[in-house]
Structures are given as structure tokens and as C-alpha cells.
Amino acid sequence: MHSGSITLFIEGKSRLHSDHPFNKLAYVLLAGVVAYGAPGAWIPDAVLLGLNLVLAGTNGILSAVWKITWRMLLPLALLMIPIHGFLYPGNHTPLVSYHNILFGLEGLVFSGTKLMQLATVFTASLLFVFTTHPADFITALTQAGWPPFMAYLMGSPLLMLPAMRTRIGVIQAAQRARGLDVEGGPLKRIRSLVPLVVPFVLGALIEIEQRAIALEIRGFNASGAKTSLRMVHDSKAQRTVRWLMVLASILLLLSRLAV
């Protein structure tokens with residue numbers, strides 16, 4: 001279950017939930033390097049994408065991962081497949097041909113490969129987002145010796161994204177109550193953007209000031225050691241695994257550059 005609208009984190013007791021945040025970040029790095037740098041065309045992407053879905057299923061977040069992934073990739077697919085199918089420079093094998101218009105197999109394969117790469121990295125990132133509480137991530141950065149402002153800067157996007165989504169919903173509801181029609185065709189939606197964007201931007205600026213005041217009251221910039229109610233468990237085995245993933249990513253990148 002989502003912990004309200006404050007964060008995208010999904011409560012759970014799975015193995016992935018208990019892993020150190022740095023291990024999950026190292027896996028995201030490895031997934032990105034494998035997706036875009038591993039030899040074998042689309043095969044490594046398909047294997048890693050399948051692994052991501054298996055991990056999501058075994059850790060209780062498959063429904064959320066699938067819901068967001070197809071919503072993101074479907075619009076991209078509707079754009080990329082026709083564009084590359086008709087305009088890809090390497091098209092030689094016609095799938096559909098009408099007069100001088102050619103829809104090529106090579107363009108279809110290219111767009112499918114790029115979509116699979118995006119899906120691989122995106123699902124790996126969702127594994128991190130849905131199983132890592134922002135407070136645990138910030139605490140892990142602090143325990144690793146990062147300055148407090150850097151730890152907050154790295155962890156704040158995990159808090160800001162759901163807050164922005166909630167604010168948009170509130171603004172839309174308020175504008176509907178005032179009689180603004182935010183539904184309908186593309187032109188009507190474009191005309192309704194200005195009444196939505198202006199209060200959204202102003203609200204974001206006000207929230208930044210409120211966050212700054214709240215952090216200052218809590219002694220964010222105070223010198224000296226700070227204590228925390230949250231502690232993130234780490235172990236030698238976990239450190240070994242994440243450094244192996246980082247090493248594998250570096251070696252794969254070097255081999256790719258050498259080739």
C-alpha cells in the first residue's frame with residue numbers, strides 16, 4: 001500500500017524492501033549499462049526486463065510497476081514506431097509498401113529495441129523508487145558521510161514528485177469547482193493549461209520556502225554530529241554485492257568504449 005500521497009514508496013516486508021538503498025541504485029546503474037552497452041542487440045534487454053518484472057512480482061510491486069510503465073511507454077511507442085518505421089535511414093526490408101511510401105522492418109526493430117531499453121531502465125528505477133523510503137535513502141547518504149544538504153538534494157525528488165502530482169489534482173479540482181472545463185479535446189486542454197500552470201508554479205515556490213523554513217527550524221545547518229531516529233542496516237555481504245555491480249558496470253563500459 002502506498003504511504004499516502006507523501007511518497008511513492010510502497011509498504012512491504014520483502015527482501016528488496018530490506019536491501020540497502022545503495023544496492024538498488026547500483027542495480028539501476030548496472031541495468032542502464034547493460035541495456036545500452038551490452039552486446040547481443042535486444043536479447044540482454046529482454047532478459048533484464050524479464051528479470052525486473054520477476055523481481056517486481058516476487059516483491060509485491062508488479063501491479064504498480066506495470067501500471068506506470070505502460071502508461072509511459074505507450075505514447076512513446078505510438079510516436080516512435082511510425083516515425084522510425086517510415087523514416088529510418090537503414091530501411092531495406094518493406095513490411096508495408098504503397099507507391100513510394102515504405103514501412104521498413106529495420107525501423108520497426110530499431111524502435112522496438114529503443115523501447116525495450118527504456119522499459120528496462122525504467123522498471124529497474126521503479127524497483128528502487130517503490131521499495132526505498134526517501135527517509136531511508138537520505139539516512140543512508142548521511143551515514144555514508146555525505147553533507148546533509150547533498151543528502152537532502154539527492155533524496156528530495158522522491159518526495160517532490162508525488163507532492164507535485166497531488167498539487168495538480170487539487171488545482172484541477174479547484175478549477176472545476178470554479179467552472180473551468182479541463183476535459184475535452186486537445187485544443188480545449190491546451191487552453192486550460194494557463195489556469196493550471198500559474199497556481200502550480202506559485203504553489204511550488206511557496207512550498208520551497210516552507211520547506212526551507214522547516215529545515216532551518218530543525219537545525220539543518222547546525223554544526224556538529226546529528227542523530228537520527230532511522231537507521232539503515234548495511235552488511236559486508238551487501239557492500240560486496242553492490243561493489244561487484246559497480247565493477248561490472250565499469251568493465252562493461254570500458255569494453256564498449258574499446259570496441
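Reader: UniProt positions follow the numbering used here, feature names are shortened, and annotations may be inferred rather than shown by experiment. Which residues does the annotation "transmembrane region" cover?

Author: According to the unreviewed UniProt entry, it covers residues 25-43, 49-66, 73-89, 109-130 and 137-155. Residues are numbered from 1 along each chain as its sequence is written, and side-chain values use heavy atoms, without hydrogens and water. The model is predicted, so local features need pLDDT of at least 70 and side-chain atom pairs pLDDT 80 or more, while totals for chains, interfaces and linings use all residues.

Reader: How much helix and strand is there over residues 25-43?

Author: That stretch is 74% helix and 0% strand, with its end C-alpha atoms 23 Å apart. Helices (H or I, at least four residues) and strands (E, at least two) are DSSP runs, numbered from the N terminus. Residues 73-89 are 88% helix and 0% strand, and the end C-alpha atoms there are 23 Å apart.

Reader: And how many helices and strands does the protein have?

Author: The protein has ten helices and two strands. Along the sequence they run in the pattern α-α-α-α-β-β-α-α-α-α-α-α.

Reader: Let us turn to Leu25. Where is it placed?

Author: Leu25 is in helix H2. It touches Phe128 and Phe137, if residues up to four places away in sequence are not counted; contact means heavy atoms within 4.5 Å. The C-alpha atom of Leu25 is separated by 9.7 Å from that of Val246, although the two residues are 221 apart along the chain.

Reader: Why does Leu25 count as partly exposed?

Author: Leu25 counts as partly exposed because its relative accessibility is 32%. Buried means under 20% relative accessible area, exposed over 50%, and partly exposed in between (1.4 Å probe, protein chains only).

Reader: Is Thr113 buried or exposed?

Author: Thr113 is buried, at a relative accessible area of 17%. It lies in helix H5 (residues 105-131). Beyond its neighbours within four places in sequence, Thr113 contacts Trp42 and Asp45. Across the protein, buried residues make up 33% of the 259 residues.

Reader: Back to H2: at what angle does it cross H10?

Author: The axes of H2 (residues 21-37) and H10 (residues 236-258) cross at roughly 20 degrees and come within 9 Å. H2 and H10 are therefore roughly parallel to each other (under 35 degrees; over 145 is roughly antiparallel, 65 to 115 roughly perpendicular, the rest oblique). Among the residues making this contact are Phe22, Ala26 and Leu30 of H2 and Val241, Met245 and Leu252 of H10.

Technical notes
Axes are lines fitted to C-alpha atoms, for helices over the stretch in contact, and angles run from 0 to 180 degrees between N-to-C directions.
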